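Subject: Structure for your files

Hello,

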Amino acid sequence: MANKAKLEALLTLINTSARDAIAMYERYGDVPTIDQMEPHPLDDAVDQIALKSAIRTLEGACSQLCTTLAPPAHTAINLVQVYDYACIRVAVRENITNILLDYPKGIHVNELSKIINIEPKKLARMMRLLATRGCYNEVDTDVFGNNRLSLILHSENPVRHMVSLHVEACAKGASVFYETLKDPKTAYSYEPTDAPIMYINNKEGIQGTFFDWMREDDSRRESYHRSMRGLNGIMGSLAVLTHFPFEKYSTVVDVGGGIGAFSLPLANMHKNVKITIHDLPEALVQAKGIWARDCPEAVAENRVEFEELNFFEQVPVKGKDIYYLRNIIHDWPDHESALILHNVRQALGPNSRVLIHDYVLRQLSRKQAAVEASMLGAVVAPEPLLANFGVGNMRSYQQDMSMLLLHNAKERTLQDCLTLSTAAGLKLEKVWDLAEACVLEYSAA
Ligand SMILES: C[S@@+](CC[C@H](N)C(=O)[O-])C[C@H]1O[C@@H](n2cnc3c(N)ncnc32)[C@H](O)[C@@H]1O
């Protein structure tokens, strides 16, 4: 493709993918606007595969076009001069979204400053940065109000807890990433205790893994588990509920299921299944409280049971239909992941299935991407987009870094997944491509 034709092709991709997304919004109501103050009905749809596919192309093509046409010095500084997370940390810590709910016409920074005790001119600058990104409206000079995006930061929104995890723990780990790569103690280590977040925690006298650190503080632990409910929307992972045929099965074991971020919607949508949630004791205490409040009928009808399990040391409850592991294997380096899968394998009956729900990292080589896409039953990015959709798939690579920073762990390519699962005695049966993450379905080999 000639150079100019590539740019034209990117413009066409932007045009068609944006029009696809617009048509989807119109099916649910009006199209959203940047300053809209209410959520759109499509925002919480269970199945967002079509929308996420369109946005993957749109984001990939927009970013590739800008990077191609802008001077490189411009783009290089754009990559690093990013303070959104520092400003959002202030907004979250001070519950600015909650406060703004009482001011539907907006609040002047001088008044907001008195409520949260932050110097008004500094406050105005960070609010303006965020409003420029589309998070909060500047309705008049120095007067700020909520919008559809800032509402996500409300204290009751589970996504806000995932935002907190990123602006606190991940940012802390990222600040010493380079040092961990050069320090002889950590440089070649894949021990979870040597993850960057623990490198910095060690200096503050805290030992162990991220999970040890997370568990020891009630509010940190509760926020972490609540953040998993945020993943439903962030990764669009609940699409599995409408694509995988849960109606054909009667038992599901949610291994490392936490508070049941996946199992709660499962219990609401597929009343035929009996669910076992396996996790560590503290997570299950929180889980029981949440189920009693949010899904008491499943508890009353004995459709859910909570069973303590350390997945490194114990075999899950045996002979059930489905063993579901969402965002579990990516939390651990290969050695620990192999132990978990080995234990899960021992629980399987002849017809059991294991569903591993994580990102599958795409290749940048177009040839390799085509091979893997055919195995995944997925589409290769249309040319001239980068073969992995470029920035359209950015979160999988960012998440890979988050796993490194928090756990010394990783997201995996399809080949990485196959190597692990084959060694554990699992046979890949089918791949469910859910546009952002994938579900790999295995049987006992
Ligand atoms: C990233 S969260 C995923 C939670 C859930 N699968 C979901 O997607 O919402 C990881 C989970 O693994 C659990 N976990 C960590 N170490 C564990 C262990 N040794 N045995 C069992 N569960 C563990 C944590 O308590 C947490 O609930």
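Are Phe-244 and Trp-432 buried or exposed? Both are buried (under 20% relative accessible area, with exposed over 50% and partly exposed in between; 1.4 Å probe, protein chains only).

This is a predicted model, where local features need pLDDT of at least 70, side-chain atom pairs count only at pLDDT 80 or more, and totals for chains, interfaces and linings use all residues. Residues are numbered from 1 along each chain as its sequence is written, and side-chain values use heavy atoms, leaving out hydrogens and water.

Aromatic pairs

The whole structure holds 14 aromatic pairs (ring centres of Phe, Tyr and Trp, the last by its six-membered ring, within 6.5 Å; planes under 30 degrees apart are stacked, over 60 edge-to-face, the rest tilted). Phe-244 and Trp-432 make an edge-to-face pair, 5.3 Å centre to centre with 70 degrees between the planes. Phe-244 sits in the loop between helix 13 (240–243) and strand 4 (251–255), and Trp-432 in strand 11 (residues 426–433), 188 residues apart (helices are DSSP runs of H or I, at least four residues, and strands of E, at least two, numbered from the N terminus).

Phe-262 and Tyr-324 are stacked, at 3.8 Å and 20 degrees. Phe-262 is in the loop between strand 4 and helix 14 (263–269) and Tyr-324 in strand 7 (residues 322–326), so this pair ties together parts 62 residues apart in sequence. Both Phe-262 and Tyr-324 are buried.

Ring pairs also join Phe-210, Phe-211, Trp-213, Tyr-224, Phe-311, Phe-312 and Trp-332 into a cluster.

Regards
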